[in-house]
Amino acid sequence: MPDPASRQWTLGSYREFTDQAGLRALFSEFLGTFMLVLFATGGINPRIISTLGTNADLFNFSISFGIGMTVGLMIYLCADASGGHINPSITLMFFLDTQISFIRLVFYFICQFCGAFVAAGLLWGIGDFEGLEDFSPSHFGNFSVIRVIVIQTMGSWMMILVTLAAIDQRKGRVNSYLQPFAIGMSIVIAMLFLGPYVITALNPVVIAWYVVCGVWTHHLWAYGLVPFLGTATAVAIYNGILYPYKQVAVGVTNSDGSDTLTAKV
């Protein structure tokens, strides 16, 4: 996390990705998002849903736990190389929190969506889904747009607020296996409790599956865009209300031996 005195958004440069570390970061985001979509979407597909019957509640628990733990594992895998975002909403969170540049945000977005579309294409190619019932969001009951927006925003708040708290160096946080676990569990809880009300997709790359399947409903824009709204408001709540950056007086000794008070934000 940058020094509080230098908190500002930066444009950055493509040169961030011209060395080995930069290329490793991009591949890490591609791979992590690919694996996440492969396993998450692989567990929520027409072949599974068509056989649920009376086991829907058990399915909601198992898929919530499975996706949350997959997120935690992918963060643990990719954290050292790229920060382990594997979610455009998380990348936006890091940018709004002034921890990455705008160029890094754009490059990460590209790699994440590429990983998602490759995984969705692979699943469609090997899954033999033709002839099975469509399972796009509009087929899961009569979801109102307002309900989708509210649920998606609340779920994003859970994920983003816990993530910010887990990595906040102002609170003495250091890198450990507990951070991916906490973030993964926040997703488990969000999906477990919000899932029965509406399909909860806290990662905008989920739209890759519906695009590959050729399904586009009036609700899918919410799954692709509303998580960003939830992220922006959650960052504002965390940094503006829960743990705001404050003016702190810091003593500085001048060359003549006198002391001067300066302020850090």
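Me: Which residues form one aromatic cluster?

Reply: In this predicted model, one aromatic cluster is formed by Trp 9, Phe 95 and Phe 102.

Me: Why is the pair of Phe 109 and Phe 228 called tilted?

Reply: The structure holds 9 aromatic pairs, and in the one formed by Phe 109 and Phe 228 the centres are 5.7 Å apart with 35° between the planes. Planes under 30 degrees apart would count as stacked and those over 60 as edge-to-face, so the rest are tilted. Phe 109 belongs to helix α5 and Phe 228 to helix α9, 119 residues apart.

Me: What makes the pair of Trp 124 and Trp 209 edge-to-face?

Reply: The angle between the planes is 65°, at 6.2 Å centre to centre, and angles over 60 degrees count as edge-to-face. Because Trp 124 lies in helix α5 and Trp 209 in helix α8, the pair ties together parts that are 85 residues apart in sequence.

Me: Which of these is buried or partly exposed, Trp 124 or Trp 209?

Reply: Trp 209 has a relative accessible area of 3% and is therefore buried, the cut-off being under 20%. Trp 124, with 30%, is partly exposed, since that class lies between the buried limit and the exposed one of over 50%.

Me: Why is α6 called roughly antiparallel to α7?

Reply: The axes of α6 (residues 145-167) and α7 (residues 178-194) come within 9 Å and cross at roughly 165°, which makes α6 roughly antiparallel to α7, as angles over 145 degrees count as such. The crossing is right-handed, and by class the contact of α6 with α7 has 13 nonpolar, 4 polar and no charged residues.

Key: Residues are numbered from 1 along each chain as its sequence is written. This is a predicted model: local features need pLDDT of at least 70, side-chain atom pairs count only at pLDDT 80 or more; totals for chains, interfaces and linings use all residues. Side-chain values use heavy atoms; hydrogens and water are left out. Axes are lines fitted to C-alpha atoms, for helices over the stretch in contact, and angles run from 0 to 180 degrees between N-to-C directions. Helices (H or I, at least four residues) and strands (E, at least two) are DSSP runs, numbered from the N terminus. Angles under 35 degrees count as roughly parallel, over 145 as roughly antiparallel, 65 to 115 as roughly perpendicular and the rest as oblique. A crossing is left-handed if the near helix is turned anticlockwise from the far one by less than a right angle, and right-handed if clockwise. Ala, Val, Leu, Ile, Met, Phe, Trp, Tyr, Cys and Pro count as nonpolar, Asp, Glu, Lys and Arg as charged, and the others, Gly among them, as polar. Rings of Phe, Tyr and Trp (its six-membered ring) pair if their centres lie within 6.5 Å; planes under 30 degrees apart count as stacked, over 60 as edge-to-face and the rest as tilted. Buried means under 20% relative accessible area, exposed over 50%, partly exposed in between (1.4 Å probe, protein chains only).
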